[in-house]
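Subject: Structure for your review

Dear colleague,

Please find below the structure that I am handing over to you. A summary of the findings follows it, and I would ask you to read the two side by side.

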Amino acid sequence: MGNEADAIRYAQLASKIKSAFRDHFVDEATGMVANGSQTALSCAIYSDLLGPIEKLKSVGLLSEDIARHQGHLDCGMLGAKWLLHGLS
């Protein structure tokens with residue numbers, strides 16, 4: 001809407017939030033997010049909270065977990081949205 005100052009401020013805020021999320025919840029070496037649940041992984045993937053390499057690792061972990069559950073999704077109602085979008 002033409003407000004460049006707000007655009008810059010919110011872009012900086014988004015960057016800080018993404019960094020804080022990654023520092024607190026993401027294991028950079030493995031791509032593990034929080035407790036490693038399908039919901040945690042897919043939320044971070046869908047919300048674009050991971051760096052490119054972390055995202056690849058997290059997608060791999062998510063795929064492995066789904067395979068470990070014999071192709072079944074293991075999430076609640078809230079996680080289903082992120083999981084289906086994260087896999088697409």
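What covers the buried residues of α4? Before turning to that, please bear in mind that this is a predicted model.

The overall picture comes first. The protein chain has four helices and zero strands, and along the sequence its pattern reads α-α-α-α. Its C-alpha atoms fill a box of roughly 50 × 30 × 20 Å, taken along the principal axes. Of the 88 residues in the chain, 27% are buried. The chain exposes about 6000 Å², and carbon and sulfur atoms supply 60% of that area. Among contacts between residues at least 6 apart in sequence, 57% join residues at least 24 apart.

Helix α4 spans residues 77-87, and its buried residues are G79, L83 and G86. They lie on the same side of α4, because they cover an arc of only 70 degrees around the axis. The face turned away from this buried side carries the exposed residues M77 and L84. To return to the opening question, the cover over the buried residues of α4 includes α2 (38-46) and α3 (52-68).

S42 is found in helix α2, and its relative accessible area is 0%, so S42 counts as buried. Leaving aside residues up to four places away in sequence, S42 touches L62, G79, W82 and L83.

Finally, the surface. Y10, L13 and I17 make a nonpolar patch of about 300 Å². One of these residues, L13, lies in helix α1 (residues 4-25). Is L13 exposed, partly exposed or buried? Its relative accessibility is 41%, and L13 therefore counts as partly exposed.

With kind regards

Conventions
Residues are numbered from 1 along each chain as its sequence is written. This is a predicted model: local features need pLDDT of at least 70, side-chain atom pairs count only at pLDDT 80 or more; totals for chains, interfaces and linings use all residues. Side-chain values use heavy atoms; hydrogens and water are left out. Patches are made of residues with over 30% relative accessible area and no salt bridge: like charges are joined within 9 Å, nonpolar side chains (Val, Leu, Ile, Met, Phe, Trp, Tyr) within 5 Å. Accessible areas come from the Shrake-Rupley method with a 1.4 Å probe; for residues, only the protein chains shown count as cover. A salt bridge is a side-chain nitrogen of Lys or Arg within 4 Å of a carboxyl oxygen of Asp or Glu. Helices (H or I, at least four residues) and strands (E, at least two) are DSSP runs, numbered from the N terminus. Buried means under 20% relative accessible area, exposed over 50%, partly exposed in between (1.4 Å probe, protein chains only). The arc is that of the directions from the helix axis to the C-beta atoms. Contact means heavy atoms within 4.5 Å.
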